[in-house]
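Please load the model in a viewer and keep the selection panel at hand.

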Amino acid sequence: MKKLCSILCAVSLLLTAFVIPAGAAESQGGLSEQQNTLLQQLGIADETAERGAGLTRGQAVQMALAAAGAQQQAAKGIFSDVGPDSPYGASVEAAYQMGLVNGYPDGTFRPEAGISYGEMVKILLTLCGYAGYAEMRGGYPAGYLRTARDTWLSDNIGSSDAEQALTVQEGMTLVYNALHIDLMELDTMGAEESSYQIRKGYNLLKRVFQIEVVTGIITANALTSLYDASGAVAGGLAVDGRQVNGDQAWGRYLGYEADVYVDENNTARCVIPAKRNRTVSYMGDDAVKAEAGRVEAYVGDSNTCLLYTSDAADEL
């Protein structure tokens with residue numbers, strides 16, 4: 001009996017359109033299952049929250065503060081409707097002290113009210129150091145919306161209407177994007193003009209969680225490698241040759257292009273495969289040639305097809 005085998009195609013096929021990898025979870029409102037799981041691991045997302053429900057001001061502040069790793073103290077009652085007993089009290093007051101949010105003229109914060117796209121964008125850009133830059137570009141909302149587009153903060157968000165109410169999932173998507181934005185810092189301040197600099201490669205993931213994103217091909221897992229079995233990585237995996245520790249479950253992405261989230265202990269916290277990965281299945285008896293970095297198999301009565309090449313230069 002022929003055995004069914006699966007071989008991953010070269011995972012960076014230079015495709016113009018992204019294709020969800022076979023076997024990967026469907027996107028949930030702009031994020032994949034793995035991306036949502038990362039937010040839960042970092043303590044940013046509440047796994048019990050209804051993703052399609054409206055995002056409240058209180059929930060938005062809690063997510064932003066978690067992404068910032070901010071210290072929170074018991075609420076002192078700055079706002080009349082957010083007291084010490086409120087589940088949002090500590091977060092709201094910390095966010096207020098950080099300059100992320102303001103209340104209403106009547107002294108309330110209204111934590112249960114819905115938050116708009118523009119308001120959430122302003123909170124997150126301020127958190128990432130872009131408030132001054134956005135103000136120079138037109139202020140709220142136009143300057144912040146422009147900056148959100150330029151920094152990819154708005155990636156995978158369907159609406160660009162500042163007044164559009166957000167869902168919980170859309171808020172999670174914005175926070176996920178904010179984690180990856182290069183932070184901006186004030187460089188020089190003058191009476192008439194200020195300058196800012198962007199710290200390339202330095203983002204909230206690195207500053208708060210000590211996590212770096214390693215992007216590449218997963219070339220080995222605990223059992224084998226793309227080149228030969230002797231290249232297996234005991235108790236982990238390899239990303240373009242770099243060995244990291246990690247759950248053996250990540251090994252299922254062997255051959256995929258992926259973002260691997262590696263913490264300060266060189267341990268993979270999460271693996272998120274790129275959308276352009278594709279997989280091909282074929283019968284073991286149809287294999288023609290299998291050698292380091294190359295696999296060929298029959299695809300018809302007599303024709304052979306190159307299924308995999310390690311340099312990712314060939315197309316299916």
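Which residue just after helix 4 takes a positive phi? Select Gly 129, whose phi is about 90 degrees. The model is predicted, so local features need pLDDT of at least 70 and side-chain atom pairs pLDDT 80 or more, while totals for chains, interfaces and linings use all residues. Residues are numbered from 1 along each chain as its sequence is written, and side-chain values use heavy atoms, without hydrogens and water.

Next, select helix 4, residues 117-127. Helices (H or I, at least four residues) and strands (E, at least two) are DSSP runs numbered from the N terminus. Because 9 of its 11 residues are buried, helix 4 is largely enclosed by the rest of the structure; buried means under 20% relative accessible area with a 1.4 Å probe, protein chains only. Among the buried residues are Tyr 117, Met 120 and Leu 127. Their cover includes helix 2 (57-68), helix 6 (142-150) and helix 7 (168-179).

Move on to the closed barrel of 5 strands, in the order 4-5-6-8-7 with mixed pairing. Pairing requires at least two DSSP bridges between two strands. Strand 7 (residues 257-262) and strand 8 (residues 267-273) run antiparallel, joined by 5 bridges. Within this pair, Asp 259 stands opposite Ile 272 of strand 8. Helix 1 (residues 33-41) packs on the sheet and touches strand 7 and strand 8; contact means heavy atoms within 4.5 Å.

Finally, select Asn 221, in the loop between strand 4 (212-220) and strand 5 (236-239). Asn 221 counts as buried because its relative accessibility is 9%. Its side chain reaches the backbone nitrogen of Leu 223 at 2.9 Å.

How values were computed: Buried means under 20% relative accessible area, exposed over 50%, partly exposed in between (1.4 Å probe, protein chains only). A polar contact is a pair of N or O atoms within 3.5 Å; within protein, one must be able to donate a hydrogen and the other to accept it, and residues adjacent in sequence count only if both atoms are side-chain atoms. Axes are lines fitted to C-alpha atoms, for helices over the stretch in contact, and angles run from 0 to 180 degrees between N-to-C directions.
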